[in-house]
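Good morning, colleagues. Please bring up the model for today's presentation, and I shall go through it chain by chain.

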Amino acid sequence: MKKWLLWGGLVLLLTILALGLIRTQQGQIGVGEKAPDFKLVTFSGETYHLQELRGKVVVVNFWSSWCESCKPEAKDLEQAWRDYRSRGDVIFLGVDYVDTEPEAREYIDQFGITYPNGPDRRTDISQAFRIRGVPETYIINRNGEIYHRQIGPFRSLEDIKSTLDPLLEGK
Amino acid sequence: MKNHIHLGVRVFLVLLVLVILYPSPGFAQEPTPPDDEVNAIAKQLYCPVCENTPLDACRTSACEQWRGLIREKLQQGWTEEEIKGYFVEEYGDRVLAEPPKRGFNWLVYLVPPLAFLAGAYALYRGFTKWRISRSPSRPDSRKVPEDEVGIEKEYISRVEKELENR
């Protein structure tokens, strides 16, 4: 009985350790996978729930004010948002990763960003997407699946548009 | 006329006292906390960007911003626990150098001492068994059986005889 308890405890402990290792070894979320559901409360207090955006193309951009490589793409993303906004079937969401609010707001002002942006509280969203750093952008199709994963910044406005257009045209 | 002058002096004095006693915003603000005070809290937190680097030792912009935030909160009169609580609330448990004692985190605190105790117990058991197996109360496995002793004696006497005959 004592032996069984000891072995049972050991097996349980090893299982927990194995699960932890599997979780940390999991790569980034892949194209075609279901996008993890999340709730983003923006700096202005609006709430966006991914599940409620089903039927729209969602562009989720992870950024931070301390991230130098986020800056060049910031104005391109904003321009893309302004160009697509009137269509009504696309939404851009900015997720501010481990940042401080005053600097984040300054960044938003500096680049004139108008699409919804909010902090990644408790890093819940970035953990769900298993991001490795910033910037990273995920384009989610109308069914809530990952259509494109951009690791690092988009090179230009054309780069963003050439990625988004085929998805938007293939209704 | 004289009364008017007296009244004017009194009003002036009252106003002067009020101006001196009234706390201006400059006086209400706490002095800027020194680096040591900021780092005492920063070393209990981990850099959000580089892995396994305490916040006080990290030179990235992200960490500089976080240290600035700690300084700001200290200036506002927040306690160490309140500041750490704020960071956990905003950025999650993983910012802490020591995981909070709850849920699965308990494994971090319990497994190492339990493993040590189990190892010590296994060593004790092994050592005790080894000592018992060597104790003289048990038959000495290295002893030569009696029939073999007889054969040996016979062999020696034959060798001696042969040597005498030469």
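This is a predicted model: local features need pLDDT of at least 70, side-chain atom pairs count only at pLDDT 80 or more; totals for chains, interfaces and linings use all residues.

Pro135(A) sits in the loop that runs between helix H4 (124-128) and strand E6 (136-140) of chain A; helices (H or I, at least four residues) and strands (E, at least two) are taken as DSSP runs, numbered from the N terminus. The peptide bond joining Val134(A) and Pro135(A) is cis, with omega at about 0 degrees. As a general rule, most residues other than glycine have a negative phi, and most peptide bonds are trans.

Residues are numbered from 1 along each chain as its sequence is written, and chains are lettered from A and ligands numbered from 1 in the order in which they are written.

Thr123(A) is not a glycine, yet its phi is positive, at about 55 degrees. Is Thr123(A) buried or exposed? Thr123(A) is buried, because 20 other C-beta atoms lie within 10 Å; the cut-offs are 20 or more other C-beta atoms within 10 Å for buried, 12 or fewer for exposed, and partly exposed in between, with C-beta atoms placed from the backbone.

Let me turn to chain A as a whole. Chain A contains five helices and seven strands, and along the sequence they follow the pattern α-β-β-β-α-β-α-β-α-β-β-α. The C-alpha trace of chain A spans about 70 × 40 × 30 Å along its principal axes. Of the 171 residues in chain A, 32% are buried. Two residues are in contact if their C-beta atoms, placed from the backbone, lie within 7 Å. Among the contacts in chain A between residues at least 6 apart in sequence, 74% join residues at least 24 apart.

One helix pair in chain A deserves attention. Helix H2 (residues 71-84) of chain A and helix H5 (residues 157-169) of chain A have axes that come within 9 Å and cross at roughly 50 degrees. Here, axes are lines fitted to C-alpha atoms, for helices over the stretch in contact, and angles run from 0 to 180 degrees between N-to-C directions. H2(A) and H5(A) are therefore oblique to each other, where under 35 degrees counts as roughly parallel, over 145 as roughly antiparallel, 65 to 115 as roughly perpendicular and the rest as oblique. Their crossing is right-handed, that is, the near helix is turned clockwise from the far one by less than a right angle, anticlockwise being left-handed. From H2(A), Asp76(A), Leu77(A), Gln79(A) and Ala80(A) meet Leu157(A), Ile160(A) and Lys161(A) of H5(A). By class, the residues of this contact are four nonpolar, one polar and two charged; Ala, Val, Leu, Ile, Met, Phe, Trp, Tyr, Cys and Pro count as nonpolar, Asp, Glu, Lys and Arg as charged, and the others, Gly among them, as polar.

Next, chain B. Its secondary structure comprises seven helices and zero strands. Of its 166 residues, 11% count as buried, and residues 24 or more positions apart account for 46% of the contacts with a separation of 6 or more. An automatic or database domain assignment divides chain B into domain 1 (22-100) and domain 2 (101-135). The C-alpha centres of these two domains of chain B lie 39 Å apart.

How do H3(B) and H4(B) lie to each other? Helix H3 (residues 35-42) of chain B and helix H4 (residues 61-75) of chain B pack at about 115 degrees, their axes 9 Å apart, and H3(B) and H4(B) are therefore roughly perpendicular. This crossing of H3(B) and H4(B) is also described as right-handed. Glu37(B), Val38(B), Ile41(B) and Ala42(B) of H3(B) make the contact with Arg67(B), Ile70(B), Arg71(B) and Leu74(B) of H4(B). Five of the residues in that contact are nonpolar, none are polar and three are charged.

The loop between H3 and H4 of chain B includes Asn52(B), which is not a glycine but has a positive phi of about 60 degrees. Asn52(B) is exposed, because 7 other C-beta atoms lie within 10 Å. Within helix H4 of chain B lies Glu64(B), which counts as partly exposed because it has 14 C-beta neighbours inside 10 Å.

Finally, the contact between the chains takes ten residues from chain A and twelve residues from chain B. On the side of chain A that touches chain B, four residues are nonpolar, three polar and three charged.
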